[in-house]
Amino acid sequence: MSKKKTDIQKFSDKAIQFVADVIIFGATIYYKVLRFFTHKDYFNRKHLEVIFEGLTIKVKWFNHDEYVSHKLDKLSVVKQESESTDEFIEYLLKECKSCNYVIFNGKDEKKFVQFWLGDGRLMSDYPILKKNGLKRYRYQMLGVLNELDIHAVKPGEKKPKRVPYYLHKQATDFETYEIYFQDYPKEAVKFVKMMLEEVYKEKFDDLNYTLG
């Protein structure tokens, strides 16, 4: 391929991406305003997806179930093409940021790492319930956070705007650790990997995931 053709292709790709970004931006603003007045319903949302097929752009609205199914189909292909599990998880967290949650586990489904994405933030939720068995791994999990230089923000303290941090919340019948990774998806990937391999003693490459 000549340099001229390469430059033309690059320009064409940028032009297509620009058009897609404009469409998504406009629709997103519209939908945010609509949701503001009609209240948030995490599992009954509408999603706009711009689909590229060669030089053709297709714009499609999905209900939430259709959107999750669409993303799962896309992820099944990307997982096969990814060079590493790390690369795949980072792609998933970015590609599926408009989903509500994703849960990662190895062969043992009871040992999991889950992310709540429904509020537009990259947040891992570590729930400790009487029946889920995660309490025994609490201090190892906190050790992982310490190793990643992610520290607690206490009630009343100012929350960081850029660096990752976590909050410990406790109620009468359960407690949880909310870990906010901010704009650090690579740190989120490291957290998943360390939790599966070092804490749960699972093989990282045996990764399973549930999207919702």
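A: Let's start with two residues: Tyr 166 is buried, as is Tyr 177. Here buried means under 20% relative accessible area, exposed means over 50%, and partly exposed is in between, with a 1.4 Å probe and protein chains only.

A word on the ground rules. This is a predicted model, in which local features need pLDDT of at least 70 and side-chain atom pairs count only at pLDDT 80 or more, while totals for chains, interfaces and linings use all residues. Residues are numbered from 1 along each chain as its sequence is written, and side-chain values use heavy atoms, with hydrogens and water left out.

Now to the rings. Searching the whole structure turns up eight aromatic pairs. Rings of Phe, Tyr and Trp (its six-membered ring) pair if their centres lie within 6.5 Å; planes under 30 degrees apart are called stacked, over 60 edge-to-face, and the rest tilted. One of the pairs is Tyr 165 with Tyr 180, which is stacked at 5.1 Å centre to centre, with 20° between the planes. Tyr 165 sits in strand 7 (residues 165-170) and Tyr 180 in strand 8, so this pair ties together parts that are 15 residues apart in sequence. Both Tyr 165 and Tyr 180 are buried.

Tyr 166 and Tyr 177 make a tilted pair, 6.0 Å centre to centre with 55° between the planes. Because Tyr 166 belongs to strand 7 and Tyr 177 to strand 8, the pair ties together parts eleven residues apart in sequence. There is also a cluster, in which ring pairs link Phe 104, Phe 115, Phe 181 and Phe 191. As for a charge over a ring, Arg 138 lies over the face of Tyr 139, at 5.9 Å from the ring centre. That label requires NZ of Lys or CZ of Arg within 6 Å of the ring centre and within 35 degrees of the ring normal.

Seven strands make an open sheet of mixed pairing, in the order 6-7-8-5-4-3-9. Its edge strands, each pairing on one side only, are strand 6 (151-152) and strand 9 (208-211). Two strands pair if DSSP finds at least two bridges between them. In general, strands of a sheet pair through backbone hydrogen bonds, either parallel or antiparallel.

Strand 3 (residues 101-105) and strand 4 (residues 112-116) run antiparallel and are joined by five bridges; Ile 103 has Gln 114 in strand 4 as its bridge partner. Helix 5 (residues 185-199) packs on the sheet, touching strand 3, strand 4, strand 5 (123-128) and strand 8 (175-180), and its direction makes about 155° with that of strand 4. Axes here are lines fitted to C-alpha atoms, for helices over the stretch in contact, with angles from 0 to 180 degrees between N-to-C directions.

Strand 3 also meets strand 9, antiparallel and through four bridges, and Asn 105 stands opposite Asn 208 in strand 9.

Leaving out neighbours within four places in sequence, Met 123 contacts Gln 114, Phe 115, Trp 116, Glu 178, Ile 179 and Tyr 180, where contact means heavy atoms within 4.5 Å. Met 123 and Gln 182 are 59 residues apart in sequence, yet 7.7 Å apart in space from C-alpha to C-alpha.

Most residues other than glycine have a negative phi. Lys 201, in the loop between helix 5 and strand 9, likewise has a positive phi, about 60°, and is exposed at 63% relative accessible area.

Conventions. Helices (H or I, at least four residues) and strands (E, at least two) are DSSP runs, numbered from the N terminus.
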